[in-house]
Amino acid sequence: MSITVALYSHDSVGLGHARRNRAIAFALAADLPRLTGQQVRGLLIAGHPDATNDSLPPGWDWLVLPGFTRTENGYASRKLTMSVEQLTALRSSTVSAALEAISPDLFIVDRHPFGVGGELKPALQMLRERGRTTTVLGMRDVLDTPRTAQREWERVGGGAGVAEHYDAVWVYGDDAVYDPFATGELPAELTSRSRSTGYLSHGRPDDPTGEDTVQPYVLTMVGGGSDGGQIALAAARAQVPAGHRHVILTGPQMPAADYERISAAVAESAHLNGSQPVQVRRYAPNVPKLIREAAAVVCMAGYNSLAEVMATTTPALVVPRSTRRAEQPRRAAALAAAGAVSTLPAEQLTPAALSSWFSRAVHQRTLRDGVDLDGLTRVGGFAAELIGRRAALASAEAYDSHALDEEPAYVR
């Protein structure tokens with residue numbers, strides 16, 4: 001006997017959704033065999049090919065869907081020459097076929113309950129009709145302003161409509177730091193099936209690296225990189241603390257023009273840093289280790305970046321994205337209030353501001369014991385409980401069906 005798990009992320013911008021699911025996959029692969037006595041296999045359904053740069057546990061694999069991207073007018077096909085409707089239909093049929101083939105015991109969906117354009121609805125309905133799959137909606141700690149979040153829930157049928165398709169909701173945060181039910185970002189209809197896991201921080205999977213980064217160094221990272229050009233550019237022009245190197249991680253999705261400007265700025269700023277080199281990388285195979293061993297880190301306020309930062313004692317200066325959503329400023333403010341990070345508004349971002357912060361931070365460490373960071377140690381137990389409940393229900397239904405089929409002894 002084995003347990004099959006599937007996880008979905010839409011991945012139109014950045015890699016945070018897929019990496020969050022990957023962290024959960026490693027946690028389930030480690031804990032479910034111990035808790036259930038069964039082996040575990042799994043499939044991660046993602047929407048960006050760069051997701052596959054990250055390894056998975058043995059017995060797990062990626063299914064990469066043709067991609068969406070975000071534009072000023074909403075979603076569009078990333079590469080294929082087809083309409084949004086055609087791409088949605090292609091992705092939807094692919095997900096449905098995959099889930100029908102593997103018949104998962106557990107299906108975890110990240111953030112968007114029905115995917116892009118409702119692409120998950122046929123698959124969710126199929127799983128409901130089969131009756132053997134437990135469905136979980138995984139939500140990050142912060143969504144957006146309450147008004148914006150409410151409008152988004154209304155577009156997908158409201159909390160009641162979502163509750164029809166999901167057995168449980170896992171909120172990947174610490175509600176003592178930020179409670180999305182209290183703010184109104186999560187609908188009340190989901191409260192009864194919701195659990196806060198704690199941030200998915202401690203226990204993030206490490207990947208072996210080809211070579212270690214020479215220490216000491218400071219680190220600047222901007223997630224996937226699609227909108228991190230200004231932060232990375234300011235960092236490239238900042239002065240590196242004496243005796244340190246500077247690693248700038250641009251992310252694989254940074255536009256080529258931004259990457260070239262940053263590389264040029266590093267060359268132009270060589271007189272500031274002398275023999276203390278600044279290294280610009282698009283990708284690093286082991287970001288948690290890179291953060292852990294850094295003297296200080298500058299980053300954006302995406303969930304995945306901050307979950308990895310908070311698993312360490314590395315001082316962090318967070319420059320939240322101030323466009324498109326209010327998510328990042330709200331998360332940065334909540335974690336700053338908890339003493340976990342320092343923040344700098346994007347409007348105040350300058351090379352001088354980063355230089356000043358780096359020079360102070362490299363002599364400090366930050367304790368984050370006041371924040372619940374143990375979500376990855378809990379999801380295995382949550383999953384085992386749900387799978388066990390589903391199995392018990394199926395056994396009871398099978399027993400009832402068998403009893404009804406038997407002819408009573410008094411019937412001749």
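Two rings of Phe, Tyr or Trp (for Trp, the six-membered one) count as an aromatic pair when their centres lie within 6.5 Å. In this predicted model, a search of the whole structure turns up 4 such pairs. Let's walk through two of them.

Start with W170 and F382. The ring planes meet at 55° and the centres sit 6.1 Å apart, so this pair is tilted. Where are the two partners? W170 is in strand 8 (residues 168–172) and F382 is in helix 14 (residues 375–405), so the pair ties together parts that are 212 residues apart in sequence. W170 is buried, at 1% relative accessible area, and F382 is buried too, at 11%.

F382 has another neighbour: R195 lies over the face of its ring, 3.8 Å from the ring centre.

Now for Y199 and Y303. These two rings are stacked, 5.9 Å centre to centre with 25° between the planes. Y199 sits in the loop between strand 9 (194–196) and strand 10 (217–221), while Y303 belongs to helix 11 (residues 303–310), so this pair links parts 104 residues apart in sequence. Y199 is buried, with a relative accessible area of 2%, and Y303 is buried at 4%.

Here are the two pairs in brief:

| Pair | Centre to centre | Angle between planes | Type |
|---|---|---|---|
| W170 and F382 | 6.1 Å | 55° | tilted |
| Y199 and Y303 | 5.9 Å | 25° | stacked |

One more ring is worth a look. Which residue has its charged end over the ring of Y259? That is R282, with its charged end 4.5 Å from the ring centre.

Key:
Residues are numbered from 1 along each chain as its sequence is written. This is a predicted model: local features need pLDDT of at least 70, side-chain atom pairs count only at pLDDT 80 or more; totals for chains, interfaces and linings use all residues. Side-chain values use heavy atoms; hydrogens and water are left out. Rings of Phe, Tyr and Trp (its six-membered ring) pair if their centres lie within 6.5 Å; planes under 30 degrees apart count as stacked, over 60 as edge-to-face and the rest as tilted. Helices (H or I, at least four residues) and strands (E, at least two) are DSSP runs, numbered from the N terminus. Buried means under 20% relative accessible area, exposed over 50%, partly exposed in between (1.4 Å probe, protein chains only). A charge sits over a ring if NZ of Lys or CZ of Arg is within 6 Å of the ring centre and within 35 degrees of the ring normal.
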